[in-house]
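Visitor: I would like to go through this model with you. Could we begin with how its helices pack?

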Amino acid sequence: MSTTPGLLVSVRSAAEVAAALEGGADVIDVKEPLKGPLAPAEAEVVAAVIDAVDGKVPVSAALGEWSPNAITEAHWHLELPLQYVKWGLAGYAPTPGWGEDLLDTRRELPIGTEMVAVAYADWERAKSVPPAEVAKFAKRFRFKAFLLDTWGKDGKTLLDFMPAKDIAALVDGLKRVYTTVVVGGSLRPEQLKQLKGVAPDYFAVRTSVCAAGKRDGVVDAVRVKKWKELLAGVKV
């Protein structure tokens with residue numbers, strides 16, 4: 001049975017939730033885009049977003065770049081009923097045996113909150129782990145969700161760092177083991193044509209659904225709707 005990829009919309013405040021839902025967002029993600037690719041919003045902001053969503057769709061939260069203090073720093077966020085949380089791996093070198101500390105972090109999460117495995121396509125400039133390695137890790141340790149994103153938010157998109165065929169292979173490999181796959185990376189709606197054959201469970205957007213296409217703008221329901229209409233033509 002073919003299905004259409006869903007749309008994950010990142011918001012930075014409860015005020016943006018209504019437009020995201022009106023446009024058809026299937027998942028609401030919370031972050032503070034002015035502070036980094038996966039910078040956390042204040043816990044109070046995340047709580048307000050959860051209230052505004054009111055159970056209509058799942059809510060995820062970005063918690064920054066992983067560090068050994070990740071759980072402590074996210075203490076108040078982890079008190080909240082979040083379906084997914086994610087840390088980036090910028091500055092995380094893939095030394096032999098890497099990932100054990102990430103698994104320790106996952107074990108400390110509250111029941112009902114899933115940790116998303118995050119790979120940056122521009123891993124070299126993020127000083128991170130190559131996407132293929134993160135995907136292998138996610139499969140081996142049965143992560144329920146995986147995000148392919150870009151670390152730098154400078155106008156470049158996912159396709160500047162990975163060809164569509166490599167993205168498709170990565171996505172398909174993860175979906176075969178029933179991992180929910182999200183593809184982000186500052187993609188613009190018109191790039192969907194270049195992503196023929198790439199069929200994640202969700203596309204993740206922020207910049208392209210904000211007023212004037214600005215990352216620090218306000219989510220615009222019309223722009224969200226445009227994405228949804230385009231995705232209706234993409235079959236998984």
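Visitor: At what angle do α6 and helix α7 pack?

Guide: The angle between α6 and helix α7 (residues 164-175) is about 5 degrees, and their axes lie 10 Å apart. Helices here are DSSP runs of H or I with at least four residues, strands are runs of E with at least two, and both are numbered from the N terminus. Axes are lines fitted to C-alpha atoms, for helices over the stretch in contact, with angles running from 0 to 180 degrees between N-to-C directions.

Visitor: Is that parallel or antiparallel?

Guide: The arrangement makes α6 roughly parallel to α7. Angles under 35 degrees count as roughly parallel, over 145 as roughly antiparallel, 65 to 115 as roughly perpendicular and the rest as oblique.

Visitor: Before we continue, what are the ground rules of the model?

Guide: This is a predicted model, in which local features need pLDDT of at least 70 and side-chain atom pairs count only at pLDDT 80 or more, while totals for chains, interfaces and linings use all residues. Residues are numbered from 1 along each chain as its sequence is written, and side-chain values use heavy atoms, with hydrogens and water left out.

Visitor: Which residues of α6 and α7 meet?

Guide: From α6 come Pro-131, Ala-132, Ala-135, Ala-138 and Lys-139, and they meet Leu-170, Gly-173 and Leu-174 of α7. Contact means heavy atoms within 4.5 Å.

Visitor: How many of them are nonpolar?

Guide: The contact of α6 with α7 has six nonpolar residues, one polar and one charged. In this scheme Ala, Val, Leu, Ile, Met, Phe, Trp, Tyr, Cys and Pro are nonpolar, Asp, Glu, Lys and Arg are charged, and the others, Gly among them, are polar.

Visitor: On to the aromatics. How many pairs are there?

Guide: Rings of Phe, Tyr and Trp (its six-membered ring) pair if their centres lie within 6.5 Å; planes under 30 degrees apart count as stacked, over 60 as edge-to-face and the rest as tilted. By this rule there are six aromatic pairs. In one of them, Trp-98 and Phe-137 have ring centres 4.8 Å apart and planes at 40 degrees, so the pair is tilted.

Visitor: Are they buried or exposed?

Guide: Both Trp-98 and Phe-137 are buried, a term for under 20% relative accessible area, with exposed being over 50% and partly exposed in between (1.4 Å probe, protein chains only). The relative accessible area of Phe-137 is 7%.

Visitor: What about Phe-137 and Phe-143?

Guide: Their ring centres are 5.4 Å apart and their planes stand at 45 degrees, so this pair too is tilted. Phe-143 is buried at 2% relative accessibility. Arg-106 lies over the face of Phe-143, at 4.2 Å from the ring centre; the rule asks for NZ of Lys or CZ of Arg within 6 Å of the ring centre and within 35 degrees of the ring normal.

Visitor: Which residues form the aromatic cluster?

Guide: Trp-66, Tyr-92, Trp-98, Phe-137, Phe-141 and Phe-143 form one cluster. Phe-141 is in the loop between α6 and β6 and is partly exposed at 23% relative accessibility. Leaving aside residues up to four places away in sequence, Phe-141 touches Leu-103 and Arg-106.

Visitor: Changing topic, which way does phi point at Arg-142, positive or negative?

Guide: Phi of Arg-142 is positive, near 55 degrees, in a residue other than glycine. Most residues other than glycine have a negative phi. Arg-142 lies in the loop between α6 and β6 (145-149) and is exposed at 70% relative accessibility.

Visitor: And Lys-127, what is its phi?

Guide: Lys-127 has a positive phi of about 50 degrees and is not a glycine. Lys-127 lies in the loop between α5 (123-126) and α6, and is exposed, with 60% relative accessibility.

Visitor: Lastly, where is Asp-29?

Guide: Asp-29 is in strand β2 (residues 27-30), and is buried with a relative accessible area of 1%. Beyond its neighbours within four places in sequence, Asp-29 has contacts that include Ser-10, Ser-60 and Lys-86.
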